[in-house]
Amino acid sequence: MNAKYDFRNAQDRIVYVKSVDVADLPEDLQEQAGGRKQLFSVHTEAGEQIALVADRQMAFVLARQNDMTPMAVH
């Protein structure tokens, strides 16, 4: 969960935030989830996952701090 993504060079300025069930993640990520049942992922417009964070608010803050516009995916 600690892979680096260079937000400064990102072409897309819109990112998508969606919930992810921890049970659907690879085992190594499940172990790092700290007992959470759900995490939130941030994706580029092309669908590339660029972040996986503990909660929805953190995902939106992360996007905004990197001059990106977050959009919720339902």
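What share of the 74 residues in the chain is buried? Buried residues make up 32% of them. Keep in mind that you're looking at a predicted model.

**Stop 1: the whole chain.** Colour by secondary structure and you'll find 2 helices and 4 strands. Follow the chain from the N terminus and the elements go β-α-β-β-α-β.

**Stop 2: the largest nonpolar core.** Hide the surface and select Val15, Val17, Phe40, Val42, Ile50, Ala51, Val53, Ala59, Phe60, Ala63 and Met68; these 11 residues form the largest nonpolar core. At least two of its residues come from each of β1 (14-21), β2 (38-43), β3 (49-53) and α2 (56-65). Apart from this core there's another one, with 7 residues, including Val20, Val22, Leu39 and Leu52. In soluble globular proteins, nonpolar side chains tend to be buried together.

**Stop 3: Val42.** Zoom in on this core member. Setting aside residues up to four places away in sequence, Val42 touches Val15, Tyr16, Val17, Glu48, Gln49, Ile50, Ala51, Ala59 and Leu62.

**Stop 4: Ser41.** Click on Ser41 in strand β2. Is Ser41 buried or exposed? Its relative accessible area is 0%, so Ser41 counts as buried. Show side chains here, and you'll see the one of Ser41 making a polar contact with the side chain of His43, at 2.8 Å. Beyond its neighbours within four places in sequence, Ser41 is in contact with Tyr16, Val17, Lys18, Val20, Gln49, Ala51 and Leu52.

Notes. Residues are numbered from 1 along each chain as its sequence is written. This is a predicted model: local features need pLDDT of at least 70, side-chain atom pairs count only at pLDDT 80 or more; totals for chains, interfaces and linings use all residues. Side-chain values use heavy atoms; hydrogens and water are left out. A nonpolar core is a set of buried Ala, Val, Leu, Ile, Met, Phe, Trp, Tyr and Cys residues joined through side-chain atoms within 4.5 Å. Buried means under 20% relative accessible area, exposed over 50%, partly exposed in between (1.4 Å probe, protein chains only). Contact means heavy atoms within 4.5 Å. A polar contact is a pair of N or O atoms within 3.5 Å; within protein, one must be able to donate a hydrogen and the other to accept it, and residues adjacent in sequence count only if both atoms are side-chain atoms.
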